[in-house]
Amino acid sequence: MEADIIIEGNLGQSVEWREHPVYGGRATFSVAVTPGYRRGEEWVDLNTMWFRVTCWRQMAVHVRDSLGKGDAVVVKGKLRLDKWTDEHGNERQEFSIKADWVAPNLRRGKATFERTRLRPEPDEPTYLTDAESARLAAIEAQYAALSSAGVREHIDADGVVHEDAEAETTEPASEPAAV
């Protein structure tokens, strides 16, 4: 089960980065959230909760390049409670969040925003959505199967197979003669 959640806390470690062949990259980090309240003139801290946060694609790149251990952040995403049995037979559980967005907490510090290009340069990697990646993989598999069988056909960007002799041309149609 997943629920939307917004948390604010501090990074408990440096951002872990992993390259991913389909999604470009994954950034993971832990966030410590310590709720508290005021009793008279002093603050009383309650138990600290830890959340494991995962970011994908371009947001993961921005998180990797922008955040570090101890930084105050605000995270919005899908909350999950992961349960597993460790190698010693102990039942374990951990809160995890698949981030929709991550931002520095500007109530606790200041940051400089740097806008990135909406479209990557031709030599930069392109991060595809899950659906785009699946569609591209299916097209590439069809092409590989046809090529290995020696079939002289091509597959267009929509995944439609055309014989080379009947491939669509890009020549403009001739206009009818004026009467």
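## Asn105 and the model

Apart from its neighbours within four places in sequence, Asn105 is in contact (heavy atoms within 4.5 Å) with Glu8, Ala72, Val73 and Val74. Asn105 has its place in the loop between β8 and α2 (130–148), where helices (H or I, at least four residues) and strands (E, at least two) are DSSP runs numbered from the N terminus. At 7% relative accessibility, Asn105 counts as buried; buried means under 20% relative accessible area, exposed over 50%, and partly exposed in between, with a 1.4 Å probe and protein chains only.

The model is predicted, and local features need pLDDT of at least 70, side-chain atom pairs count only at pLDDT 80 or more, and totals for chains, interfaces and linings use all residues. Residues are numbered from 1 along each chain as its sequence is written, and side-chain values use heavy atoms, with hydrogens and water left out.

## Overall make-up

The protein has 2 helices and 10 strands, and along the sequence these follow the pattern β-β-β-β-β-β-α-β-β-α-β-β. Of the contacts in the protein with a separation of 6 or more, 53% are accounted for by residues 24 or more positions apart.

Buried residues make up 24% of the 179 residues in the protein. The accessible surface of the protein comes to about 13700 Å², and 50% of this surface belongs to carbon and sulfur atoms; such areas come from the Shrake-Rupley method with a 1.4 Å probe, and for residues only the protein chains shown count as cover.

Trp101 lies in strand β8 and is partly exposed, with a relative accessible area of 37%. Not counting residues up to four places away in sequence, Trp101 touches Met59, Val74, Val75 and Lys76. For one of these, Val74, the C-alpha atom is separated from that of Trp101 by 8.4 Å, while the two residues are 27 residues apart along the chain.

Lys110 has its place in the loop between β8 and α2, and at 83% relative accessibility Lys110 counts as exposed. Lys110 and Ala72 are 38 residues apart in sequence and, C-alpha to C-alpha, 10.0 Å apart in space.

## Ile6 in strand β1

Ile6 has its place in strand β1 (residues 3–11) and is exposed, with a relative accessible area of 56%. Leaving aside its neighbours within four places in sequence, Ile6 is in contact with Val74, Val75 and Lys76. The C-alpha atoms of Ile6 and Lys76 are separated by 4.3 Å, although these residues are 70 residues apart along the chain.

## Aromatic rings

A search of the whole structure finds 1 aromatic pair. This pair is formed by Phe51 and Phe95 and is tilted, at 5.6 Å centre to centre with 35° between the planes. Phe51 lies in strand β6 (residues 49–56) and Phe95 in strand β8 (residues 91–104), so the pair ties together parts that are 44 residues apart in sequence. The rings of Phe, Tyr and Trp (its six-membered ring) pair if their centres lie within 6.5 Å, and planes under 30 degrees apart count as stacked, over 60 as edge-to-face and the rest as tilted. Phe51 counts as buried at 5% relative accessibility, whereas Phe95 is partly exposed, with a relative accessible area of 34%.

Another ring has a charge over it: the charged end of Arg64 sits over the ring of Trp17, 4.3 Å from its centre. A charge sits over a ring if NZ of Lys or CZ of Arg is within 6 Å of the ring centre and within 35 degrees of the ring normal.

About 730 Å³ of space lies in the largest pocket. Of the 24 residues that line this pocket, the closest to its centre are His62, Ser66, Pro104, Thr112 and Phe113. On a 1 Å grid over the protein atoms alone, a pocket is an open set of points where a 1.4 Å probe fits, with protein on both sides within 12 Å along at least five of seven lines, and lining residues have an atom within 4 Å of a point. Grid points are joined across faces, edges and corners, and a volume is the space filled by probe spheres set on the points.

Helix α1 (57–66) and strand β8 each supply at least two residues of the lining of the largest pocket, and α1 gives the most, with 5 residues. Arg57 has its place in helix α1 and counts as partly exposed at 21% relative accessibility. Phi of Arg57 is near 60°, which is a positive value in a residue other than glycine.
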